[in-house]
Amino acid sequence: MLLTLSLFFLSAAIIYLACEYFVNGVEWVGHRFQLGATATGTVLAAFGTALPESAVTFMAVVFGTTPEQKDIGVGAAMGGPLVLATLAYAVVGLALWNRCRAAAPRAESGRAAAAMTIKADQGRLARDQAWFMGIFVLKVALGLLAFAWKPWLGILFLLVYALYVKRELANDDDSIEQDDLEPLKLRPRDPDPSMFWACAQTVMALVVIAVASRVFVQQIEALGMAMGASAHVAALLLAPVATELPEILNALIWVRQGKERLALANISGAMMIQATIPSALGIFLTPWLLDEPLRAAGVFTLIAISVLWLRLRRGTMTVGGLASVGAFYVLFALYLAWHFYA
């Protein structure tokens, strides 16, 4: 147990450090491609940090030899969006609240910070949530039905993601200014690093994130087994939190730097990946039939996204409102505890 805990904290620290290099590198890559902050977050950063959780689903559904192992892949495909729609957004909200509160230390600063409207393109974020809801509803609906040609529908999910990326790039009407960028960590004295160095740093950071995330997931699973958690609990609660850690840490780093647009765009882009690519793998290679806990995960995810979509569409999302969606993850955890252990 001591070794497990040591590896748990060590891998988490390595992931955080690697994320510092990743967000720094991916911003320079976005600058070189003349992409805006939103497209950099939703496409480049999201695709990179979504690799660990996609790999969990891929390994489980492709190389799993038992139904239980394949269930872990399906659970990860359902649990990932739940974590992003609740915990990831809540972490950004809490980080923004803490930053705003520190900037104005007064007796009423806590309430004032919670009521502060987030500084981002809320209309565009709302459209991202609408895209996610549409594909996620289809994903859950397919899990309730059984028919022979269901695996072919996995292609539809891949096409939807390709269309989403095309839309994000087409609507990218701003750019990351070089003055807003910190020096590239691999070339701290170079005021204008080349694309090669930006890509090299980003790819190396991704490799470290992937390896450290794998170790982190293994320790999470070991801790879950030590606590008597079932495979479903590990797949729906523990593994997704571990594999979504890069997105959460990226968001914290960007909020700390005052770049909440990048933080929120990274989460919304990662959600679209989670709703499409791992789902396509599951639909291709498993029966994709959702049991009661998986259906419940879908319901809680849709409720959280509906709340986000309504507030963002109206342009009224506040720091406190963003933080509050984390309550849906707590409610889901309580449901699982009641379902499996009551």
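Analyst: Happy to. For residue classes, Ala, Val, Leu, Ile, Met, Phe, Trp, Tyr, Cys and Pro count as nonpolar, Asp, Glu, Lys and Arg as charged, and the others, Gly among them, as polar. This is a predicted model, where local features need pLDDT of at least 70, side-chain atom pairs count only at pLDDT 80 or more, and totals for chains, interfaces and linings use all residues. Residues are numbered from 1 along each chain as its sequence is written, and side-chain values use heavy atoms, with hydrogens and water left out.

User: Thanks! By class, what does the lining of the second largest cavity have?

Analyst: That lining has 1 nonpolar, 2 polar and 5 charged residues. The residues are E20, V23, N24, E27, E182, K185, Q257 and K259. A cavity here is a set of points, on a 1 Å grid over the protein atoms alone, where a 1.4 Å probe fits but cannot get out; lining residues have an atom within 4 Å of a point.

User: What volume does the second largest cavity have?

Analyst: About 40 Å³, taking volume as the space filled by probe spheres set on the points, with grid points joined across faces, edges and corners. The count is 2 cavities of 30 Å³ or more.

User: Switching topic: is A18 buried or exposed?

Analyst: A18 is buried at 8% relative accessible area (buried is under 20%, exposed over 50%, partly exposed in between, with a 1.4 Å probe and protein chains only).

User: And which residues does A18 touch?

Analyst: Beyond its neighbours within four places in sequence, A18 contacts A205, V208 and I209, with contact meaning heavy atoms within 4.5 Å.

How values were computed
On a 1 Å grid over the protein atoms alone, a cavity is a set of points where a 1.4 Å probe fits but cannot get out, and a pocket is an open set with protein on both sides within 12 Å along at least five of seven lines; lining residues have an atom within 4 Å of a point.
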